[in-house]
Amino acid sequence: MSSSKRRAPLSIDFIIVGAGIAGLATAFRLCQAGHRVRVLDKAAGPNRRAGGTHLPPNATKVLMDWGFKDELLKHGLSTRASTFISIDTGKVIGCLEWKEDVLQETGADYMVIRYRDLYDMLYRAAINAGARITYGATVTNVHANPPRVELHDGTVLKADMVVGADGPRSTVREAVGGWSSEEVPEGHSAYVAIISRDVLQNDPELSDLTRFHENRPDYPIWTGDSRHVIAFTVAGGAEFAIHAFLPDSEVDGIGDKDGWDVIVPREKLPFHFEPKLQRLLDIPATYQRVRLFQRECAEEWTDESGRLLIMGEAAHPLYASLYELRTPNDNNNHPQPCVLQSCSMQIEDAEVLGTLFSRLRAWDQLPHLAEAFQELREPRTRAIYAKETKAFDTVWVGPGPQRDARDQALYGMMIEGHKGWDETKMRWQWDEICEVFGYNARDAAEDWWVMWGMLRERSITREGYCPSSYTVPFCMGATVTHYAELRN
């Protein structure tokens with residue numbers, strides 16, 4: 001049976017703090033697994049923000065398995081390559097292309113999609129699966145014994161388990177480990193805008209940007225010294241997303257503000273680039289600015305009881321996901337989908353957690369499954385952190401031997417792509433991307449269960465008792481008695 005269809009023998013009550021991509025996806029999967037889920041978010045309403053996001057094969061295969069194929073085909077677009085262009089001269093440097101045969105081996109397609117379309121997709125799925133989502137609910141305190149949250153108005157809500165998907169400034173993270181994430185400005189900000197694709201098609205100097213995607217599905221990356229711009233079509237091809245990254249030191253009048261409440265007029269941004277890119281960037285009247293931060297990953301993702309757990313940006317604020325998304329009435333921090341794996345890690349988290357808790361049959365499994373989640377996800381997210389950091393360094397490299405070597409490699413790949421690749425080059429590309437794109441979150445969780453979860457169950461069976469027959473959930477009684485206490 002597929003893990004997305006398996007229902008846990010023991011159903012429990014979850015509270016998820018945070019209704020971003022991680023929170024909604026996790027609510028959907030836990031409801032699928034037969035659990036009762038309530039999601040709390042301090043935002044006034046659903047988080048339908050501007051911008052586009054990437055869905056590499058490691059994320060797309062999860063969404064396909066969840067039944068979202070039709071919606072992905074409707075709202076998303078497949079892509080095969082990135083064309084690198086000099087931000088100063090407009091000259092094509094080279095191309096990084098993923099071959100069709102190689103992508104097929106990963107098990108899914110590489111897609112780009114508008115953030116709000118992905119958000120709405122997960123929001124509807126969570127609601128339809130049975131999740132209750134409450135907006136305007138600010139969580140001020142979290143406790144483990146019994147598991148409960150306190151809201152800003154004094155309301156106390158109880159559950160059997162509390163999951164923190166509330167971003168790097170997580171309230172649940174403080175309850176788990178007694179510390180908050182230290183953050184240091186990275187020195188750059190992303191400026192995001194969406195324009196109608198019709199505007200480009202009607203401009204003779206920019207219309208080829210849309211044909212670029214039609215003729216060969218790729219997206220351009222203008223790269224320069226400590227800056228770059230990415231542009232790609234979203235909303236099923238109806239809109240064009242622009243993500244421009246600039247050093248904070250070059251933008252006047254913004255100061256230390258951060259978050260999506262900062263709307264920056266075009267005239268305040270120092271866009272002094274090659275003519276075509278300059279013309280593109282001059283179209284939006286305003287940009288939404290989000291600041292990049294460096295943050296520490298959490299050492300512990302669950303407390304000793306196993307009743308509190310953190311995930312997503314609360315646990316692993318990766319370099320590629322340092323972009324906070326906030327509006328004036330929203331202080332929950334959600335991952336900004338500006339770069340490759342920012343939303344993918346949240347989706348993988350949800351699949352792993354949902355798969356693990358579809359195996360829940362006894363109360364004493366809770367801490368073991370919570371620990372398994374960190375055991376599976378921490379090495380994965382750290383590996384992605386290292387690769388994404390290297391990617392930024394590559395895109396932002398300044399003039400010199402290192403840039404020359406990069407440009408030569410990209411040019412060589414473009415020339416080889418025109419000639420056609422033999423089996424040796426195909427194997428080389430697979431070896432390069434299999435660890436990232438070939439990862440299957442469901443299989444990772446199922447493999448853990450076969451190797452360790454079933455082993456533990458067998459050892460318990462050999463001892464001749466079933467812990468689930470001696471325990472009751474926190475939310476079903478005022479007193480909780482553990483099996484060890486009953487034996488005494």
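## Around Val 149

Let's start with Val 149. Skipping its neighbours within four places in sequence, Val 149 is in contact (heavy atoms within 4.5 Å) with Ile 15, Val 17, Leu 40, Val 139, Asn 141, Val 142, Thr 155, Val 156, Leu 157 and Val 162.

A quick word on the source: this is a predicted model, where local features need pLDDT of at least 70, side-chain atom pairs count only at pLDDT 80 or more, and totals for chains, interfaces and linings use all residues. Residues are numbered from 1 along each chain as its sequence is written, and side-chain values use heavy atoms, with hydrogens and water left out.

Buried means under 20% relative accessible area, with a 1.4 Å probe and protein chains only. Helices are DSSP runs of H or I with at least four residues, strands are runs of E with at least two, and both are numbered from the N terminus.

## Helix H2

Helix H2 (residues 57-65) is mostly covered, with 7 of its 9 residues buried. Among them are Asn 58, Thr 60 and Lys 61. Just after H2 comes Gly 67, with a positive phi of about 95°.

## The largest pocket

A pocket is an open set of points on a 1 Å grid over the protein atoms alone, where a 1.4 Å probe fits, with protein on both sides within 12 Å along at least five of seven lines; lining residues have an atom within 4 Å of a point. The largest one is lined by 31 residues, and Leu 96, Leu 340, Lys 387, Ala 391 and Thr 394 lie nearest its centre. Helix H12 supplies the largest share of that lining, 8 residues.

## The whole chain

Zooming out, the protein chain has 16 helices and 21 strands. Of its 488 residues, 58% count as buried. Among contacts between residues at least 6 apart in sequence, 75% join residues at least 24 apart.

Technical notes
Buried means under 20% relative accessible area, exposed over 50%, partly exposed in between (1.4 Å probe, protein chains only).
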